[in-house]
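Please read it with the structure open.

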Amino acid sequence: MNEDSQRRNTSDSETLRQALSDVEIALLTAVEHSEVIENELLNANDKMISEIRERVVAERRLAKVLEAVSRKNEDLELLMQNIIEHSDDSDVRWLERYSEVETLSFTDSLTQLGNRRRFETVLDQEIARCRREGSEISLLMCDVDFFKQYNDRYGHPAGDQALKDIAKILETTCKRPGDCATRIGGEEFALLLANTDHDGALAIAEKIRTTLFDKDIEHLNSSFGRLTLCVGVATLKPDSTMDAVGLIASADSFLYKAKQAGRNCSCSDVKIIDPNTSPVVEHIGGLISIHETKVMESLVLSFSPSLFSLQQRWRNNGLSADFLADYVTTFFPGNGDEADIEIRKAEFKGAIGYIANELLENGMKHSLNNMPYPITMRLILEAEQILFIASNTVNLEAAEMYKGVVKELTERDPMELYIEILENSDSGTSGLGLITMMNDYGATLAWEFEQTSEETCKVSTKVKIEV
Amino acid sequence: MIKLSDENYELAFDEAANIVKLNGVLRLNGVAEYQPITDFLMKACDAGGQMTLNLQGLEFLNSSGIATFSKFILHARGCDGLKLNVVGSKSIPWQGKSLVNLRRLMPALELELI
């Protein structure tokens, strides 16, 4: 028992020792492990502190970079904004300048009407529009009469003012939206009248012409004593194949005819003389409009033949005299009695023959070798008289010769006669001398001398025939 | 006095007074063509102290020009001790707007419109 007990005690003791040893080992192990863990934790902590410090530094650096970038960004935005605003501002100013230039390029600076460029642009547009709408379009070409002489006598500032006055007349006459008044040359104006037929256009042309006439702007170098203009009227129908160039040419040709017909008149494509039936028409200035005779109450036929051919014509076949006599009696039919007409024809031809002889044989042939300008012949038919005028510009020596002829014919001093005529005449003609005399045909013959320059003189011979 | 010019503009640099004066019409093609002008401006800027940019006679400036001036202003802003004075004209339309805008880049800039 004791041995067993002793063995058990020994065994227990051994177990306890072993257990103690295990506990000690375990404890030691645990302590050592803790130390390792603690060291590791310390190391980790140090590392983290270091990292945190680095991150704080990096953050600060980053914040600085961010601030710089942000500032740069703001600067760039401002810079870009400045450039954009500057560009926009420049664009606006360029556009304004462009508009001004565009407007100026279509405007006549003197009259403020449209210029030729505007005229051509609007003409094409309006022709196209009228064709689309099936309406008529009319073109008026206006040209101031004796404008060069006006400038020469009254000076260019006065000429400019006259053009402004005329522009104002055109502007006030053309009030409709489709109307376009332009100055297309020195003293030449064009009016485009949309939706306007021939009669309407002619009425406007006459309104313009009479308004200027009534304005009574003095022009003593014009036979009208005042500033006047001519108007050529052309109308384009929608079914016509005529283009802008054709329309301008047509209006221009009527303007030319208005000039040929004695100026201060309107001329359109209505004719009373058929060129096919009268071979003389070409020589006396072309076509005359019915309207013109109605409005003017006078008819002017102008032509500039050479002296030689004129002499041939008058002397050899009398064609011109016959034609003119026929035409004059058509214009002044009187009571329509044929016998009366024949008598008046004969009287007229006699008067024409008289002036032809006086003019050609006694007068102007002396200047044949000194003739700087062609002779101009004009036949003016007015309400109660016929005026036949032949003019030639000659040198002063030739003018003196004419005066001698006058003196011989009248046995009176030209100046004395001139004063007498001025007192008895309402023509207001100026000149060096104006002499009248009656001839066998009841015609009044007048010579007029007007000095045109230091060396030259315009000599006109007039025959007035009462009808 | 140093001068730089073409048929459209003239730049005069008075080194003694540190004044850069620009007259005429500036419409050079791109920032690169503005480089000679930029160089003058930088030179004046680097001298420090007071600097005057007189644009009273500059009638027109294109976009590259305003970009050049804007960059110059940014450069000037960073120059220590530089006092920049810009003189413009009230009668030249672009200056009233664009020169005032330059002050947004450099609030210390002294602008005088005469």
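1. A term is needed before the rest: a residue is called buried under 20% relative accessible area, exposed over 50%, and partly exposed in between. By that rule Glu120(A), with a relative accessible area of 38%, is partly exposed. The model is a predicted one.

2. Overall content of chain A. The secondary structure of chain A consists of twelve helices and eleven strands. Chain A has 467 residues, and 42% of them count as buried. Its accessible surface is about 26200 Å², with 52% of that belonging to carbon and sulfur atoms.

3. Salt bridge at Arg116(A). Side chains of opposite charge can pair when their charged atoms come close. Glu120(A) is paired in this way with Arg116(A), in a salt bridge with an N to O distance of 3.5 Å. The two residues are four apart in helix α2 (residues 116–133) of chain A, so about one helical turn separates Arg116(A) from Glu120(A). Arg116(A) has 38% relative accessibility and counts as partly exposed. Over all chains, the structure holds 16 salt bridges.

4. Arg17(A) and Glu14(A) form another salt bridge, and their closest N and O atoms are 2.5 Å apart. Both residues belong to helix α1 of chain A and are three residues apart, about one turn of the helix. Arg17(A) is partly exposed at 48% relative accessibility, and Glu14(A) is partly exposed at 42%.

5. Asp152(A) and Lys148(A) make a salt bridge whose closest N and O atoms are 2.9 Å apart. They sit four residues apart in helix α3 of chain A, and so are separated by about one helical turn. Elsewhere, Glu126(A), Arg129(A) and Glu133(A) are joined into one network by salt bridges that share partners.

6. Packing of α3 and α4. Two packed helices are described by the angle between their axes and the distance between the axes. For helix α3 (residues 147–154) and helix α4 (residues 156–173) of chain A, the angle is about 135° and the axes are 7 Å apart. Angles over 145 degrees would count as roughly antiparallel, and those from 65 to 115 as roughly perpendicular. The pair α3(A) and α4(A) is therefore oblique. On the α3(A) side the residues involved are Phe147(A), Tyr150(A), Asn151(A) and Tyr154(A), which meet His156(A), Ala158(A), Gly159(A), Ala162(A) and Leu163(A) in α4(A).

7. Which residues of chain B does Asp75(A) touch? Leaving aside residues up to four places away in sequence, Asp75(A) touches Leu74(B), Arg77(B) and Leu105(B). Asp75(A) lies in helix α1 of chain A. Its relative accessible area is 8%, under the 20% limit, so Asp75(A) is buried.

8. A nonpolar patch on the surface. Met48(A), Ile52(A) and Val56(A) together form a nonpolar surface patch of about 270 Å² of accessible area. Ile52(A) is placed in helix α1 (residues 2–105) of chain A. With a relative accessible area of 51%, Ile52(A) is exposed.

9. Backbone angles to check. Most residues other than glycine have a negative phi. Gln112(A) is not a glycine, yet has a positive phi of about 70°. Gln112(A) is in the loop between α1 and α2 of chain A, and is exposed, with a relative accessible area of 52%. Asp216(A), also not a glycine, has a positive phi of about 55°. The loop that holds Asp216(A) runs between α5 (198–215) and β4 (229–236) of chain A. Asp216(A) is partly exposed, at 44% relative accessibility.

Key: Residues are numbered from 1 along each chain as its sequence is written. Chains are lettered from A and ligands numbered from 1 in the order in which they are written. This is a predicted model: local features need pLDDT of at least 70, side-chain atom pairs count only at pLDDT 80 or more; totals for chains, interfaces and linings use all residues. Side-chain values use heavy atoms; hydrogens and water are left out. Patches are made of residues with over 30% relative accessible area and no salt bridge: like charges are joined within 9 Å, nonpolar side chains (Val, Leu, Ile, Met, Phe, Trp, Tyr) within 5 Å. Accessible areas come from the Shrake-Rupley method with a 1.4 Å probe; for residues, only the protein chains shown count as cover. A salt bridge is a side-chain nitrogen of Lys or Arg within 4 Å of a carboxyl oxygen of Asp or Glu. Buried means under 20% relative accessible area, exposed over 50%, partly exposed in between (1.4 Å probe, protein chains only). Axes are lines fitted to C-alpha atoms, for helices over the stretch in contact, and angles run from 0 to 180 degrees between N-to-C directions. Angles under 35 degrees count as roughly parallel, over 145 as roughly antiparallel, 65 to 115 as roughly perpendicular and the rest as oblique. Contact means heavy atoms within 4.5 Å.
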